[in-house]
Amino acid sequence: GIYIPQLMITTYGSEINGMVSSITQFITYLSLVEAGIGNASIVALYGPLATKNQDGINGVLAAAKKFYSKSGCIFTILLLGLAIIFPMISEKGIDPALSRWMVLVLGSSVLIDFFFLGKYRVLLTADQKGYIFYLVQSIGTILNSLTCILLMYIKADILIVKLSATIVYILRSVFIFLYAKHHYDYLNFNVKPNALALKQRWDVLIHQITGAVVNSTDVVIITVVIKKFAEVSVYTTYNLIISNIISLIESFSNSLCAGFGEVFAKNEKEIIKQSYSTYEYIYYIVIFIVCSCLGVLIIPFMKIYTYGINDANYIRPITAILFVLITIGKGIRTPSMTMILAVGHYRETKKAAIFEALINITVSLGLVNFLGINGLLIGTLCSHIYRTIDVILYNDKKIVHDTKEKTLKRIIRNIICMFVILSIGIYINSHIMPHTWISWLIYAVAVGIGSLIVILGINGIMEKDEIIELGKLSKRIITRR
């Protein structure tokens, strides 16, 4: 996820990398025709799976299949429309035929999800077997990466490179299908669809739309307003590092969402409260260690990563700082957001999600002509600050009660720790800057160990009970293995 984009930039240039990133974001918007089916199906499956109600499971999945097929047909029409329109609204100088075919190639994997894979993915996720899906996805990513690297080294056409990813995605889908058929022999998608179970899909859709505005609007605005694919490449290169880190961390929370969903379905309140406190405690330690390292290491990393690339300026300290702040803002809300997703409170929280999107788009459009990429990031940061406060307060009031004071103390404590680490790290950066991957790696290990000692140590001193619980949890995991 980090090496291949660098290879793409050095092989095909920043403009081609920016074009691919821009098309990907437009396709993300088109994917919203999924209309919340996935998350609504996952929430609807928690109950039947907990009680082993096979008829209930099949009813929900039959409804999911029906809606996925309809959405897939709409997506196909929109994708063809994008293939026609995209060359007209993007930067001139790129071959229109190349951009049209790229739209179709990149969109084809989404079609597979609509017409084939989606219903199996929601089943595995709801049944706490998402690890199967992610294991297959990981193997597919490795195969795809090796194929892409080989094709780039021989300077194959960029369309061939991206087409190889679609082929791997198809093979991955076949394996998921075979696994589901083997382990869920009672599956029957031809029963009467339980459409009522997916009544929340429109509320989920609103969250998906607002999420797309907050997370994907920046690239679209750069494409349409700034009209420079090189700037798209700069933005997506920074965002690539951030999104990979966030994905790695959120894989932890995503894996717990179904577990909390089952506990809520059984109404085990005491277990919920204690488990949530421990989860939040651990998550904040992890996110602040990661963000401390990120703040110190990102500019040294970018200098080595983009060495020799001269068609765009990639060394932008203010941009790096804003990305770090956005990562913190998004990370702080994750534990509370996990609870909201586990109980399926999409309708109750949609107004706040809409307001978050409005803040993002208003501030971003107001600042982009003056500050460029940084103006877009400020818009995202402002919306994150509002939404994070709202999510924490909502969780305290409606789901896991009496948590906001403890949460606030944890946030303040860890922000102070991170500020100390960043101050020391930035001072060291001004005197010692690694220039090779080996020296950067050694530096990164040192920063990581230092961050771990400071943040884990302070949190352990301030909340001894939680650190003891963390030790017991680690022991149980090791013993179970």
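At the start of α4, a side-chain oxygen of N53 comes to within 3.3 Å of the backbone nitrogen of D55. That is a polar contact, meaning a pair of N or O atoms within 3.5 Å; within protein, one must be able to donate a hydrogen and the other to accept it, and residues adjacent in sequence count only if both atoms are side-chain atoms.

This is a predicted model, where local features need pLDDT of at least 70 and side-chain atom pairs count only at pLDDT 80 or more, while totals for chains, interfaces and linings use all residues. Residues are numbered from 1 along each chain as its sequence is written, and side-chain values use heavy atoms, with hydrogens and water left out.

Helices here are DSSP runs of H or I, at least four residues, numbered from the N terminus.

How far apart are the end C-alpha atoms of α4? They are 49 Å apart, which agrees with the 52 Å that its 36 residues should span at 1.5 Å a residue; the expected span is 1.5 Å times one less than the number of residues. α4 bends by about 35° at A83, and the proline P87 follows within four residues. The bend is the angle between axes fitted to the seven residues ending there and the seven starting there.

Next, the helix pairs. The axes of α4 (residues 54-89) and α5 (residues 96-126) come within 9 Å and cross at roughly 175°. Axes are lines fitted to C-alpha atoms, for helices over the stretch in contact, and angles run from 0 to 180 degrees between N-to-C directions. α4 and α5 are therefore roughly antiparallel, the word for angles over 145 degrees.

For α1 (residues 3-12) and α2, the axes come within 6 Å and cross at roughly 130°. That makes α1 oblique to α2; oblique is what remains after under 35 (roughly parallel), over 145 and 65 to 115 (roughly perpendicular).

Last, V33, in the loop between α2 (14-30) and α3 (37-51). Its C-alpha atom is separated by 20 Å from that of L123, 90 residues apart along the chain.

Conventions. Helix = DSSP H or I, 4+ residues; strand = E, 2+ residues; numbered from the N terminus.
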